[in-house]
Amino acid sequence: MDFFTLLIQVLNAVQYGLLLFLVAAGLTLIFGMMGIINLAHGSFYMIGAYLSFGLAPIVGQTIGGGFLVTLVVGLIFAIFLGYLLEWLFYSYLYERDHLQQVLMTYGLILVFEEIRSLLLGDDVHSVAIPDWLSASIQLGDIMTYPTYRLFISGMCLLLAAAMLIVLTKTRLGMMIRAGSVNREMTQSLGVNIQFLYRLVFAAGVAIAAFAGMIAAPVTSVYPGMGQNILIICFVVVVIGGIGSIRGALIASLLIGFVDTFGKVLLPNVAGVLMYVLMATILLWKPSGLFKAGS
Amino acid sequence: MKKSQLFFLLILASILVFLPQISSEYVTDWLTKTMIFAIFALSLELLVGQTGLVCFGQSAFFGIGAYTAVLFSAKVDHTYLGYLLPLAIFAAALYALIVGALSLRTKGVYFIMVTLAFAQMAYYVIHDTPLGGGTDGIYLYSKPIIFGDLVLEGSICIYFFTAISLFLVLGFLGLLSSSRFGRALIGIKINELRMRAMGFETYWYKLAAFVISGAIAGIAGFLFAMKDGFVNPEILSWHVSGTVLMMIILGGLGHLRGAVIGAFTYALLEEIFRSEIIFGSFSKNWHLGLGLTLILSVALLPKGLFGMRDQLLRGLSLDLGNFKKPPKTKL
Amino acid sequence: MNQLLLRGKNLSRQWGGLLAVNQVNIEIFLGKIHAVIGTNGAGKSTLINLLAGEIPLSSGSVELLEQDVSVWSEPRRAHLGLGKSFQKNTIFPDLSVFENCRLAAQARYQRPWKFWETGESCTHSRTQAQKVLLKTGLHVLSEKKAGLLSHGQKRQLEVAMCLATNPKVLLLDEPLAGMGAEETNRMLNFLNELRAEHGILLVEHDMDAVFKVADVITVMVNGAVIACGTPSEIKDNNDVQIAYLGVAS
């Protein structure tokens with residue numbers, strides 16, 4: 001393929017990988033820190049996407065804002081939702097074994113899906129790209145690349161950078177990292193674990209929902225989207241290593257590339273490629289590429 | 001065998017033998033479906049309840065058993081049960097061997113995620129590649145010949161064949177769980193490290209359990225294909241894996257009877273929640289009821305319905321102390 | 001000269017930057033009780049786990065019954081003749097005391113493919129379990145659920161399970177943990193009886209007990225051995241006294 005086609009695929013791969021990273025980061029952090037395996041995490045992504053679809057007209061009518069305002073409103077809603085969920089549901093899961101967590105969060109997926117079905121229906125919806133982002137960048141003579149996709153990548157990088165700064169440079173981040181490596185120790189050091197957990201959980205939900213919101217114009221909004229991304233996130237976490245943000249980033253990008261180029265070069269087996277990748281890495285490193293807390 | 005186990009088997013046998021005589025085709029069909037679920041649930045019970053391996057990818061073995069039977073039937077004019085069933089079992093067991101060999105290198109949560117991922121891989125192979133006949137599914141070309149003129153077709157024939165299979169599987173697993181192998185599995189579930197220190201090579205035990213479990217799931221898959229004469233990729237979806245996990249939790253882990261009870265309970269709940277008579281227009285959203293039931297049953301009845309017997313015997317005291325929060329310590 | 005059963009040569013184990021066990025040499029002889037003492041975090045449990053095979057060595061070698069078992073898995077070493085008891089109770093609480101020992105003994109006669117024979121009818125493991133329970137005096141509690149035993153009895157069962165596989169070498173990780181005076185004495189007497197047919201490595205915190213029963217004592221601090229000798233030698237050793245500040249004398 002020529003240079004510009006290659007460039008487009010690379011940009012797509014990066015964009016997809018970064019989006020995955022946002023969702024996977026929450027999953028791996030919540031597991032690493034609170035020891036909860038949360039099958040419903042993909043549902044937050046779906047909730048975010050449906051939020052951007054459902055909120056847009058409401059925001060337009062009441063506050064009179066556009067895309068960015070919807071994004072902010074959605075984010076606030078997601079943070080509240082995360083906080084509420086942790087308080088009402090997830091805090092009961094801490095002391096339970098993995099099987100119970102798996103089952104209860106699986107039940108939660110079913111509940112979320114049906115509530116969404118009751119409130120917003122089962123149709124596929126498209127979300128409009130805001131005008132100011134709907135242009136395309138010229139690449140070479142024939143190719144163009146949608147500005148919106150660059151916006152997605154940009155936003156993901158921004159969030160990733162923000163996460164990195166919080167985790168490595170702030171005291172809060174230090175507590176979070178300590179908590180994800182050794183929960184009991186951090187607790188005994190006098191840190192208010194309950195607040196920390198709630199915060200991290202809400203952040204995880206918000207970030208996943210945010211990913212859903214900005215992805216919506218590109219992927220459309222459809223019922224199975226939460227579950228699709230959940231499983232891919234699991235593969236990311238298995239490859240990257242549980243509790244490792246760095247691992248999640250690298251694994252997400254890896255999968256982004258494997259999937260994107262797989263679809264172009266080997267369309268018949270594209271869906272299977274990422275699992276083959278996972279199997280290969282498992283043979284070499286059964287606990288993933290990186291350790292928790294990195 | 002304990003008296004209670006014998007009692008259970010007799011009751012089950014009586015129900016299964018008598019009901020089709022007095023009920024409609026719908027009920028017979030429902031019972032066949034539920035028995036297939038029960039075999040499927042039993043396969044997972046061996047893995048989760050006895051060995052402590054939480055596998056979220058059981059649908060793969062189920063689906064491979066089903067698809068093998070259907071795909072092979074399409075290649076030849078007529079098939080014989082004598083080799084079709086073993087073929088289906090073999091295919092499922094083979095995949096279980098591969099998945100198990102790789103997954104068992106991981107522990108805890110990784111294991112759950114990896115088994116799920118491998119099931120997805122099988123799903124995509126069937127769904128996307130020409131091997132599986134596409135997203136619409138494929139029909140069973142012809143039902144297999146049992147011997148002579150007897151063919152495995154017709155709802156009564158399939159019903160009794162399934163019932164016999166269920167009892168054979170129950171018998172086998174019953175023997176297995178009280179055998180040395182089964183006792184070792186229980187030990188591995190309680191404390192694997194301890195078992196290794198005593199001299200048990202636990203990896204091979206777990207792998208063996210995994211393969212046996214996959215084979216039994218393959219039997220269930222085969223029966224499923226025979227019953228409906230149709231398979232589609234959705235039988236490999238992870239929702240199927242989640243469903244069968246739900247069944248054994250509902251029924252109660254650690255007991256073979258729990259798996260059977262759980263399968264029947266789930267089937268009943270599905271009927272209830274899907275019923276338009278009870279739920280009207282909400283019957284479309286029957287997963288909601290199922291999800292809530294699952295959450296509540298894990299929260300309030302962690303030992304499932306089977307454990308309820310013990311709980312009732314000890315006097316009903318809902319263990320609200322089970323709800324624990326992380327300790328509060330202020331900065 | 002007593003037979004050398006187990007030897008650890010220059011054993012080291014590294015966790016990231018931390019050297020949990022640092023160039024430790026240790027020998028276990030038949031008929032001798034070798035105690036390992038040290039402050040918390042000195043690496044005693046890690047040492048046992050290295051010898052047993054639960055943790056891989058960073059460097060050094062382990063010889064069991066004159067065979068180099070450094071790369072052998074833990075079950076394989078157990079089969080050769082190594083038995084380990086754990087610091088935390090690892091008995092199977094939902095099973096009866098008898099079944100606990102029987103399952104342990106089953107390790108010696110596994111025959112997993114014979115699925116038509118029940119474990120409970122397995123004569124090999126049954127007779128071995130009965131022998132062990134008789135020896136430890138727990139036979140009166142055979143049918144009791146292991147989870148309902150008193151702490152001291154659980155520790156006894158822990159050691160019984162270790163013996164059920166008929167090992168030559170016993171690695172006992174704090175078998176006296178949490179025991180009262182009477183129970184401790186009983187266990188010590190029992191260890192004395194075991195001495196004749198086994199080589200015992202005993203990791204312990206209880207100084208009185210150690211000095212009463214050990215033939216050789218190794219003292220570890222921060223992963224390394226600072227002294228090794230007879231109880232009286234250790235008592236008079238300056239380094240040990242400094243490290244301990246108040247060792248029972």
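**Entry 1: ground rules.** I reminded myself that this is a predicted model. I kept that in mind for each entry.

**Entry 2: who touches whom.** I started with the pairs of chains. Two pairs are in contact, and chains A and B share the most contacts of the two. I then checked chain A against chain C, and they do not touch. The nearest C-alpha atoms of chains A and C lie 12 Å apart.

**Entry 3: chain A against chain B.** I looked up the residues on both sides here: 45 residues of chain A are in contact with 45 residues of chain B. On the chain A side, the elements that each supply at least two residues are helix H4 (98-120), helix H8 (193-219), helix H9 (225-240) and helix H11 (270-284) of chain A. I wondered which element supplies the largest share of that side. It is H4(A), with 15 residues. I also sorted this side of chain A by class, which gave 30 nonpolar, twelve polar and three charged residues.

**Entry 4: chain B against chain C.** Next I turned to the other contact, where 21 residues of chain B meet 27 residues of chain C. On the chain B side, two or more residues come from each of helix H6 (155-178), helix H7 (180-190) and helix H8 (192-198) of chain B. H7(B) gives the most, with seven residues. By class, I noted ten nonpolar, six polar and five charged residues on the side of chain B that touches chain C.

**Entry 5: chain B as a whole.** I stepped back to look at chain B by itself, which has 14 helices and four strands. Its C-alpha atoms fill a box of roughly 75 × 50 × 45 Å along the principal axes. Does the radius of gyration of chain B agree or disagree with that of a compact globule? It agrees, because a compact globule of 331 residues would have a radius near 20 Å and chain B has 20 Å. I also looked up burial, and buried residues make up 53% of the 331 residues in chain B. For contacts in chain B between residues at least 6 apart in sequence, I found that 77% join residues at least 24 apart.

**Entry 6: Arg105(B).** Arg105(B) sits in the loop between helix H4 (81-103) and helix H5 (108-128) of chain B. Is Arg105(B) buried, exposed or partly exposed? It counts as partly exposed, because it has 16 C-beta neighbours inside 10 Å. Leaving aside neighbours within four places in sequence, I found Arg105(B) in contact with Leu282(A) and Pro286(A). I also took one distance: Arg105(B) and Leu223(B), 118 residues apart in sequence, are 32 Å apart in space, C-alpha to C-alpha.

**Entry 7: strands of chain C.** I finished in chain C. Strand S1 (residues 4-15) and strand S4 (residues 59-64) of chain C pair in the antiparallel sense, over five bridges. Within that pairing I noted Leu6(C) opposite Leu64(C) in S4(C). S4(C) also runs antiparallel to strand S5 (residues 67-68) of chain C, joined by two bridges. There I marked Glu63(C) opposite Asp68(C) in S5(C). S4(C) and S5(C) form a hairpin with two residues between them. In that turn, Leu65(C) has a positive phi of about 50 degrees.

Notes: Residues are numbered from 1 along each chain as its sequence is written. Chains are lettered from A and ligands numbered from 1 in the order in which they are written. This is a predicted model: local features need pLDDT of at least 70, side-chain atom pairs count only at pLDDT 80 or more; totals for chains, interfaces and linings use all residues. Two residues are in contact if their C-beta atoms, placed from the backbone, lie within 7 Å. Ala, Val, Leu, Ile, Met, Phe, Trp, Tyr, Cys and Pro count as nonpolar, Asp, Glu, Lys and Arg as charged, and the others, Gly among them, as polar. A residue is buried if 20 or more other C-beta atoms lie within 10 Å of its own, exposed if 12 or fewer, and partly exposed in between; C-beta atoms are placed from the backbone. The radius of gyration is taken over C-alpha atoms; the globule rule is 2.2 Å times the number of residues to the power 0.38. Two strands pair if DSSP finds at least two bridges between them.
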